[in-house]
Amino acid sequence: FYMGITTAARWTTALILAGKSANTPAAIVRRCSWPDQETITCTLGTVADEIVARRLRPPALVVVGPVAALAPKRGWFADRPLFGVRVLVTRPAHQASELAEALSDLGAQVFLQPAIEILPPADWASVDLAIERLDRYDWLVFSSANGVRSLLDRILEHRDLRVLAKIKLAAIGSGTADELAQYHLRADLVPDEFRAEGLIEAIKHDAAGKRFLLARASRGRELLAEQLVAHGAEVEQVVVYTSQDVAECEQHIGELFGEGHIDWVTVTSSAIARSLANMFAGQLASARLASISPLTSQTLRELGYEPAAEAQQATTADLVAAICRVEKDRQPG
């Protein structure tokens with residue numbers, strides 16, 4: 001019976017009066033295929049009572065017949081590790097889909113609220129100059145996928161990727177290297193530890209006397225440049241994109257926070273951590289925070305928030321795995 005919730009008392013009574021046993025097995029399935037799907041097993045005679053007692057509202061359907069008694073207590077859909085868990089993904093809009101889909105596939109109900117937005121640099125002049133002079137550098141270092149996309153798209157607007165023929169490419173992590181691969185480029189260096197410290201450790205022995213160009217955001221740490229200089233490198237930096245905080249959340253997201261309906265918030269950079277602290281203020285403490293790295297966790301602690309989960313490596317897959325570990329430990333038994 002599709003969408004028969006508000007008329008359940010009428011049609012169940014009619015079936016019984018027509019000869020159907022009141023003890024016939026039945027199952028009420030509410031919000032079927034949604035992350036908060038709910039199944040209540042009962043009998044034909046108690047369907048209406050269950051709807052009233054549980055205050056069930058559409059959308060729902062009711063299955064009536066012996067087959068309703070054959071359903072297992074739980075099935076694959078509800079047994080997914082994040083079934084019913086509500087997660088707020090806070091990455092920039094153009095980067096949110098990978099994380100959102102990974103969480104959704106595991107049963108989570110995903111909400112999107114970018115904490116920062118990625119914009120072109122205020123002036124392309126310095127970027128264009130760096131592109132013209134690429135042949136004078138030994139290394140081009142990318143510290144994010146956004147940097148890869150912004151610089152390479154700018155190159156392709158006026159020239160082609162042959163300008164990179166003589167320069168080595170370094171990527172701070174696997175996600176950045178994967179973005180290079182989208183342009184059919186392979187990173188010459190990806191450190192084992194996906195952060196500036198790991199990149200420095202991996203490249204420091206080849207730094208002396210070499211010329212480095214760092215493609216970076218409008219804000220971020222200076223550690224990489226400082227340490228390369230300390231190891232004898234000549235370093236230039238160019239801002240290839242602007243990272244800007246989103247000042248206010250969407251109204252419905254604010255309402256979800258206010259009602260305590262957000263279980264997890266993903267935090268995938270220190271910039272996002274700071275923006276979230278401003279955007280949600282004290283409300284952020286009502287949810288568990290999932291940090292992508294020790295550096296991001298450190299920033300959260302400086303802001304007064306203790307992360308509930310931390311990725312073992314700074315990747316989307318590891319961030320999702322960290323949330324799953326905590327949720328598994330929280331489940332009864």
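User: What comes just after helix 10?
Analyst: Just after helix 10, alanine 281 takes a positive phi of about 50°, although alanine 281 is not a glycine. Helices (H or I, at least four residues) and strands (E, at least two) are DSSP runs, numbered from the N terminus.

User: Before we go on, what kind of model is this?
Analyst: This is a predicted model, where local features need pLDDT of at least 70, side-chain atom pairs count only at pLDDT 80 or more, and totals for chains, interfaces and linings use all residues. Residues are numbered from 1 along each chain as its sequence is written, and side-chain values use heavy atoms, with hydrogens and water left out.

User: Thanks! Back to alanine 281: which loop does it lie in?
Analyst: Alanine 281 lies in the loop between helix 10 and strand 12 (288-291).

User: And why does alanine 281 count as partly exposed?
Analyst: Because its relative accessibility is 40%. Buried means under 20% relative accessible area, exposed over 50%, and partly exposed in between (1.4 Å probe, protein chains only).

User: What about helix 10 itself, how many of its residues are buried?
Analyst: Nine of the 11 residues of helix 10 (residues 270-280) are buried, so the helix is largely enclosed by the rest of the structure. Among the buried ones are Ile272, Leu276, Met279 and Phe280.

User: What covers them?
Analyst: The cover includes strand 4, strand 6 (116-119), strand 10, helix 9, strand 11 and helix 11 (294-302).

User: Which strands does helix 9 lie across?
Analyst: Helix 9 (residues 251-258) lies across strand 4, strand 5 and strand 11, and runs at about 130° to strand 5. Axes here are lines fitted to C-alpha atoms, for helices over the stretch in contact, and angles run from 0 to 180 degrees between N-to-C directions. Contact means heavy atoms within 4.5 Å.

User: What order do the strands have in that open sheet of five?
Analyst: The order is 5-4-11-12-13, with parallel pairing. Strand 5 (109-112) and strand 13 (309-310) are the edge strands, each pairing on one side only. Two strands pair if DSSP finds at least two bridges between them.

User: How many bridges do strand 4 and strand 11 pair over?
Analyst: Two, in the parallel sense, with strand 11 covering residues 264-267. Leucine 88 has valine 265 of strand 11 as its bridge partner.

User: Switching topic: which way do the side chains of strand 7 point?
Analyst: In strand 7 (residues 139-142), Trp139 and Val141 point one way while Leu140 and Phe142 point the other, and all are buried. In a regular strand, side chains alternate between the two faces of the sheet.

User: And which strand does strand 7 run parallel to?
Analyst: Strand 8 (residues 168-171), and four bridges join the two. Leucine 140 stands opposite leucine 169 of strand 8.

User: How far apart are leucine 140 and glutamate 236?
Analyst: They are 96 residues apart in sequence and 9.9 Å apart in space, C-alpha to C-alpha. Glutamate 236 sits in strand 10 (residues 234-245) and is partly exposed, with a relative accessible area of 25%.

User: What is glutamate 236 in contact with?
Analyst: Leaving aside neighbours within four places in sequence, glutamate 236 is in contact with Arg133, Arg136, Tyr137, Phe212, Leu213 and Leu214.

User: How many bridges hold for strand 1 and strand 3?
Analyst: Strand 1 (residues 25-30) and strand 3 pair over five bridges. Isoleucine 28 stands opposite valine 62 of strand 3.

User: Last one: where is the cis peptide bond?
Analyst: It goes from proline 58 to proline 59, with omega near 5°. Proline 59 is found in the loop between helix 2 and strand 3.
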